[in-house]
Amino acid sequence: MVSETLRPPVAWRVESGLTPYPDAVAFMEDRAASIADRRARELVWLVEHPPIYTAGTSANDADLLDARFPVFKTGRGGQFTYHGPGQRVGYVMLDLKQRGGDVRGFVRDLEEWLIRTLAAFNVKGERREGRVGIWVARGKREDKIAAIGVRVRKWVTFHGVSFNVDPDLTHFTGIVPCGISEHGVTSLHDLGILVSMADVDVAMRCAFEDVFGRTVV
């Protein structure tokens, strides 16, 4: 394990426009391989996708209720999720061999990253036992505001998190998000916090550095 003071900063990249999902997966596969071979720097890549559904390795076909958007099977963990405009997707490509080799700890750190990002907007994001992702209590109910799905190959992570800023929440009704039907989905705008994607990007970078260490553009 390399100490944080000696570890090179993580590259930070924000993509403009909408990134086609197959292009994103191809890029991540290539970058993760390069990181494993020490030919590239670790990277956090922030994107938005056109409206799509993705199926993780635990996805149940019955949870696809209305295939109104393209459906992609993916090697990340988890079940069905939605990606689309207004949702910030953070693809995280880190070398866990240099960071202690703790996959479960990495997922917990991703949760902490999202919780601290929400805290920047005075929103209390919470973990729930047995439910991956970050939740917001709303009276007697609770809604999911961020999802997590990761894959690790040769100790390098890829895929990552999705964070609802201002997506069309009706698009989530085509699936049972993450296999959980008894709870809803929310976003910052749905909670009345009308921030821009650029505002969220700044908060995400600050929170990431608090949890994982330095970044560089």
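Which element gives the most residues to the lining of the largest cavity? The answer is β9, with 4 residues.

This is a predicted model, where local features need pLDDT of at least 70, side-chain atom pairs count only at pLDDT 80 or more, and totals for chains, interfaces and linings use all residues. Residues are numbered from 1 along each chain as its sequence is written, and side-chain values use heavy atoms, without hydrogens and water.

**Cavities**

A cavity is a set of points on a 1 Å grid over the protein atoms alone where a 1.4 Å probe fits but cannot get out; lining residues have an atom within 4 Å of a point. A volume is the space filled by probe spheres set on the points, which are joined across faces, edges and corners. The whole structure holds 3 cavities of 30 Å³ or more.

| Largest cavity | Value |
|---|---|
| Volume | about 80 Å³ |
| Lining | 13 residues |
| Nonpolar lining residues | 8 residues |
| Polar lining residues | 4 residues |

Thr81, Lys144, Ala147, Asn164 and Phe172 lie nearest its centre.

**Cores**

A nonpolar core joins buried Ala, Val, Leu, Ile, Met, Phe, Trp, Tyr and Cys residues through side-chain atoms within 4.5 Å. Buried means under 20% relative accessible area (1.4 Å probe, protein chains only). The largest nonpolar core has 34 residues. Leu110, Trp113, Leu188 and Phe208 touch the most other members. Helix α3 gives the largest share, 7 residues. Helices (H or I, at least four residues) and strands (E, at least two) are DSSP runs, numbered from the N terminus. Apart from this core lies another, of 15 residues, including Tyr21 and Phe158.

Note on methods. Buried means under 20% relative accessible area, exposed over 50%, partly exposed in between (1.4 Å probe, protein chains only). On a 1 Å grid over the protein atoms alone, a cavity is a set of points where a 1.4 Å probe fits but cannot get out, and a pocket is an open set with protein on both sides within 12 Å along at least five of seven lines; lining residues have an atom within 4 Å of a point. Ala, Val, Leu, Ile, Met, Phe, Trp, Tyr, Cys and Pro count as nonpolar, Asp, Glu, Lys and Arg as charged, and the others, Gly among them, as polar.
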